[in-house]
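This report describes a protein chain for a reader who has not seen it before. The sequence and the structure come first, and the text follows.

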Amino acid sequence: QVQLVESGGGLVEAGGSLRLSCAASGRTFSGYAMGWFRQAPGKEREFVAVISRNGYSTAFTDSVKGRFTISRDNTKNTVDMQMNSLKPGDTAVYYCAADRAATGSSYTTVQHRYEYWGPGTQVTVSA
């Protein structure tokens, strides 16, 4: 089992940057693909980014491509998401999640495949 805690959220002006971090407990962090999801007010939670277990594969939702990057450090049990050129439309609660079923360079963007979730961190982008 793994426990996840996000940090790094906050209030930023449009065009600014934030770096979200997700810290995982447990000794098997490298056994999980790690995803970031977000939920805006009144909307369903949606996929944002994912990184495979070995860090070799990543994917992003179209709306953040070229602005967000994702990275992981399996020695520190952390996964980070750098968010640049933020827009008001990026305002949401951001969650990190862990997928145990992923292998090697594979990943999924499907929410229900993720077994473990953090409590979320609020990101607010003002116009």
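## Aromatic cluster

Phe37, Phe47, Tyr114 and Trp117 are linked into a cluster by ring pairs. Rings of Phe, Tyr and Trp (its six-membered ring) pair if their centres lie within 6.5 Å; planes under 30 degrees apart count as stacked, over 60 as edge-to-face and the rest as tilted. The model is predicted: local features need pLDDT of at least 70 and side-chain atom pairs count only at pLDDT 80 or more, while totals for chains, interfaces and linings use all residues. Residues are numbered from 1 along each chain as its sequence is written, and side-chain values use heavy atoms, with hydrogens and water left out.

Tyrosine 32 lies in the loop between β3 (18–24) and β4 (33–39) and tyrosine 116 in strand β10 (residues 116–117), so the pair ties together parts that are 84 residues apart in sequence. Strands (E, at least two residues) and helices (H or I, at least four) are DSSP runs, numbered from the N terminus. Tyrosine 32 is buried at 4% relative accessibility, and tyrosine 116 is buried at 17%. Buried means under 20% relative accessible area, exposed over 50%, and partly exposed in between (1.4 Å probe, protein chains only).

Phenylalanine 37 and tyrosine 114 form an edge-to-face pair, because their ring centres are 5.0 Å apart and their planes stand at 80 degrees. Phenylalanine 37 belongs to strand β4 and tyrosine 114 to the loop between β9 (92–99) and β10, so that this pair links distant parts of the chain, 77 residues apart. Phenylalanine 37 has a relative accessible area of 0% and is buried; tyrosine 114, at 4%, is buried.

## A charge over two rings

Arginine 45 has its charged end over the ring of tyrosine 95, 5.2 Å from the ring centre. The charged end of arginine 45 also sits over the ring of tryptophan 117, 3.8 Å from its centre. A charge sits over a ring if NZ of Lys or CZ of Arg is within 6 Å of the ring centre and within 35 degrees of the ring normal.

## Strand β1

In a regular strand the side chains alternate between the two faces of the sheet. Four bridges pair β1 with β3 in the antiparallel sense; two strands pair if DSSP finds at least two bridges between them. Cysteine 22 in β3 is the bridge partner of glutamate 6.

## Nonpolar cores

A nonpolar core is a set of buried Ala, Val, Leu, Ile, Met, Phe, Trp, Tyr and Cys residues joined through side-chain atoms within 4.5 Å. The largest one has 30 residues, and Leu4, Trp36 and Tyr94 are among those with the most contacts inside it. Strands β3, β4, β5 (46–51), β7, β8, β9 and β11 (121–126) each supply at least two residues of this core. Another core, of six residues, lies apart from it and includes Phe37, Phe47, Ala97 and Tyr114.

## Positive phi angles

Asparagine 77 is not a glycine, yet its phi is positive, at about 60 degrees. This asparagine 77 is in the loop between β7 (68–73) and β8 (78–83) and is buried at 17% relative accessibility. Serine 85, also not a glycine, has a positive phi of about 50 degrees. Serine 85 lies in the loop between β8 and β9 and is partly exposed, with a relative accessible area of 39%.
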